Amino acid sequence: MATDAVPKGVKKFTVPAEFVRAFQGEVRFVPRDPHNNGYMNFDYNMLIGALRNADPAARERLAAALGSLETQWNLVLVSKSETIVSGD
Amino acid sequence: MEAPQRVKDTPFLRNVGLLLTYHCQASCAHCVIRAGPNRHEQMSLEDARTWIHEIASYRDGYVCVLSLTGGEPFSDLDLLRAVVESASESALCVSITTNASWATSREAAVNILLSLPRISSLAISTDVHHQKFVPFQVVQNAILAARECGVAAYVSIVGDGDNDLAFQRIKCDVLKVTPAENIREGITFPVGRASLIQARLQYTFSETPPNEACQAASSPCIFPDGRVYGCIGPLIDLQDQHPLLLGNLHESSLCDVLDSAETNAVLHALRIWGPHKLITMLREAGFGAHLPARYVEGSVCGACFSVMSDPAVREWLGELEKDAAFRRRVAYARLYYLNETGMLEVAGQEVM
């Protein structure tokens with residue numbers, strides 16, 4: 001999806017070139033196994049698992065929330081190169 | 001050869017925790033919050049309902065999962081049932097962290113699980129300290145009962161590190177009843193009650209901090225007195241203000257606290273780079289004398305706590321939080337690495 005073809009109502013964010021250069025020079029380490037603090041376990045796979053185990057009402061609510069991108073932050077529709085468009 | 005699975009960062013604010021109670025049948029030697037049979041402080045049902053409603057309403061349903069923890073959430077079944085009902089009415093998925101002591105038999109465990117509104121997952125804690133109070137057979141009952149009831153069961157094991165033979169033995173036992181992908185491993189924090197057994201912990205130390213990003217600070221947790229922490233880890237033992245003490249729901253709305261968390265640059269620096277980034281910055285700022293001489297190998301939480309427990313470091317982090325260049329870098333790093341726009345959206349021009 002071309003980043004200049006931004007649908008109406010979608011916000012567009014661009015990582016400035018200075019940061020792109022800086023971040024490209026970094027090595028970022030993400031643990032394969034999320035740290036377990038023993039009191040609350042949550043990670044991406046557990047989120048998916050929880051949703052799969054949710055009752056139909058909970059799943060419907062999530063579908064509605066994800067479908068209504070206008071009010072959702074942090075959902076990114078496009079993530080290419082230096083330009084990132086957020087869902088809304 | 002199978003391609004390696006891409007590691008995904010834990011999504012921010014999709015999961016919010018409620019620490020329901022400090023009461024627990026066990027008084028484990030490694031418990032950070034010092035839970036036990038003589039602790040009776042718990043969240044009032046009225047507060048729990050109010051906060052669950054606020055959690056479910058936040059950004060029109062942004063939070064997907066409510067994690068209930070303690071203490072032992074099953075120690076007051078009436079409270080637990082009412083809280084799960086409230087969460088279900090709000091269509092939140094519910095996960096419960098438990099020591100499984102209620103699973104005295106598989107049948108009893110099935111009956112208890114069926115008496116609750118549907119929950120999505122159990123996170124069952126077992127390790128050398130828990131097993132002094134809760135035998136592994138009980139944990140096994142809970143795993144089998146959860147399977148029978150269609151509830152995902154994860155097992156959480158903490159130990160002192162790779163050299164901890166008891167940890168390895170328990171992991172072998174757990175692997176006999178559940179696959180590896182359902183096991184979560186961690187390293188004991190020398191904090192809370194565990195500070196009393198610090199000398200016995202068999203850590204491997206390193207002169208350099210672990211270089212990994214923090215995954216815990218994506219899920220805030222609400223305590224019975226209304227305090228909200230960015231994670232439920234060793235930092236909860238610090239009595240003073242620190243970057244991951246996000247607010248108190250008796251003073252601010254949950255919406256304000258979580259919105260503020262979106263722009264908490266130190267918190268997101270931990271999520272993006274981990275404490276080693278802050279440690280490097282502290283050293284460059286001349287705070288080398290305030291840094292630990294050694295770090296517990298592999299313990300991101302341990303490194304975070306050892307740094308933030310120094311008052312001068314906390315003061316410096318308070319100043320760093322106000323630093324416009326740092327905030328801008330963090331906001332764009334969230335976008336670059338995590339595809340998260342929250343900080344740019346909430347802070348707006350301040351960080352652009």
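The model is predicted: local features need pLDDT of at least 70, side-chain atom pairs count only at pLDDT 80 or more, and totals for chains, interfaces and linings use all residues. Residues are numbered from 1 along each chain as its sequence is written, while chains are lettered from A and ligands numbered from 1 in the order in which they are written.

Axes are lines fitted to C-alpha atoms, for helices over the stretch in contact, with angles from 0 to 180 degrees between N-to-C directions. Helices (H or I, at least four residues) and strands (E, at least two) are DSSP runs, numbered from the N terminus.

On the H1(B) side the contact uses B:Leu45, B:Ala48, B:Arg49 and B:Ile52; on the H2(B) side it uses B:Leu79, B:Ala82, B:Val83, B:Ser86 and B:Ala87. Contact requires C-beta atoms, placed from the backbone, within 7 Å. Of these residues, 7 are nonpolar, 1 is polar and 1 is charged (nonpolar: Ala, Val, Leu, Ile, Met, Phe, Trp, Tyr, Cys and Pro; charged: Asp, Glu, Lys and Arg; polar: the others, Gly among them).

Chain B has an open sheet of 9 strands with mixed pairing, in the order E6-E5-E4-E3-E2-E1-E8-E9-E10. Its edge strands, E6 (183-187) and E10 (245-248) of chain B, each pair on one side only; pairing takes at least two DSSP bridges between two strands.

E4 (residues 121-125) and E5 (residues 152-159) of chain B are paired in the parallel sense over 5 bridges, with B:Ala123 opposite B:Tyr154 in E5(B). Helix H4 (residues 136-149) of chain B packs on the sheet and touches E4 and E5 of chain B; its direction makes about 170° with that of E4(B).

## Backbone exceptions

The peptide bond from B:Gly70 to B:Gly71 is cis, with omega near 25°. B:Gly71 belongs to the loop between E2 (65-70) and H2 of chain B.

B:Leu13 is not a glycine, yet its phi is positive, about 65°. B:Leu13 sits in the segment before E1 (15-21) of chain B and is buried, with 22 other C-beta atoms within 10 Å. B:Arg34, in the loop between E1 and H1 of chain B, also has a positive phi, near 60°. B:Arg34 has 18 C-beta neighbours inside 10 Å and counts as partly exposed (buried: 20 or more other C-beta atoms within 10 Å; exposed: 12 or fewer; partly exposed: in between).

Definitions and conventions: Two residues are in contact if their C-beta atoms, placed from the backbone, lie within 7 Å.
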